[in-house]
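Here's a quick briefing for anyone meeting this structure for the first time. Take a look at the model, then read on.

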Amino acid sequence: MRPVSTILERFRRAAAVPAAVGDELAGELAPLFLALDSIEEESERIRRAADESVARRLGAAREEAAGETAEAHRRAEAGRARALAERREAREAEARSLVAAAEAEAREIRERGAARVPDLVAEVVACVKAGPE
């Protein structure tokens, strides 16, 4: 890094400021340091404003994310409830189908049994008429 004196010398030449010796140097640099102080204050103000803006944006983003998360949870719960209802409906339809099949089978068995009754009655009557053997 260059020594401060060479940096200051560059400013002196550009502004046509005569070289100062001793105490005059402080007086010569005072306006420059005052300008730097105001620049530092302004940069600090800008930094604080940026920090506040970032904090506001982060807060808004967090709120938005929380809202979206809550909405996603709500949609997921609705999806689970819908799937549960669909499964329940499918099981109920299957149960209705099984009951209908069982009723049809029971009806068929009753019909076959009813159809066999006259033959069985005739056989029993024939046995009774024939007597003990």
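A word on exposure before the details: buried means under 20% relative accessible area, exposed means over 50%, and partly exposed is in between, using a 1.4 Å probe and protein chains only. This is a predicted model, so local features need pLDDT of at least 70 and side-chain atom pairs count only at pLDDT 80 or more, while totals for chains, interfaces and linings use all residues. Residues are numbered from 1 along each chain as its sequence is written, and side-chain values use heavy atoms, with hydrogens and water left out.

**Overall picture**

- The protein has two helices and zero strands; both kinds of element are DSSP runs numbered from the N terminus, helices being H or I with at least four residues and strands E with at least two.
- Of its 133 residues, 3% count as buried.

**A nonpolar patch**

- L32, F33, L36 and I39 make up a nonpolar patch on the surface, with about 360 Å² of accessible area together.
- Patches take residues with over 30% relative accessible area and no salt bridge, joining like charges within 9 Å and nonpolar side chains (Val, Leu, Ile, Met, Phe, Trp, Tyr) within 5 Å.
- F33 sits in helix α2, which covers residues 23–130.
- F33 counts as partly exposed because its relative accessibility is 45%.

- Side chains of opposite charge can pair when their charged atoms come close.
- A search of the whole structure turns up seven salt bridges, each being a side-chain nitrogen of Lys or Arg within 4 Å of a carboxyl oxygen of Asp or Glu.
- E42 and R45 pair up through their side chains at 2.5 Å, N to O. Both lie in helix α2, three residues apart, or about one turn of the helix.
- E42 is partly exposed because its relative accessible area is 36%, and R45 is partly exposed too, at 43%.
- R80 and E77 meet in another salt bridge, at 2.9 Å, N to O. They are three residues apart in helix α2, so about one helical turn separates them.
- With 48% relative accessibility, R80 is partly exposed; E77, at 44%, also counts as partly exposed.
- E108 bridges to R112, with the closest N and O atoms 3.6 Å apart. This pair lies in helix α2 as well, four residues apart, about one turn of the helix.
- E108 is partly exposed at 44% relative accessibility, and R112 is partly exposed at 49%.
- Salt bridges with shared partners join E44, R47 and R48 into one network.

Terms used:
Accessible areas come from the Shrake-Rupley method with a 1.4 Å probe; for residues, only the protein chains shown count as cover.
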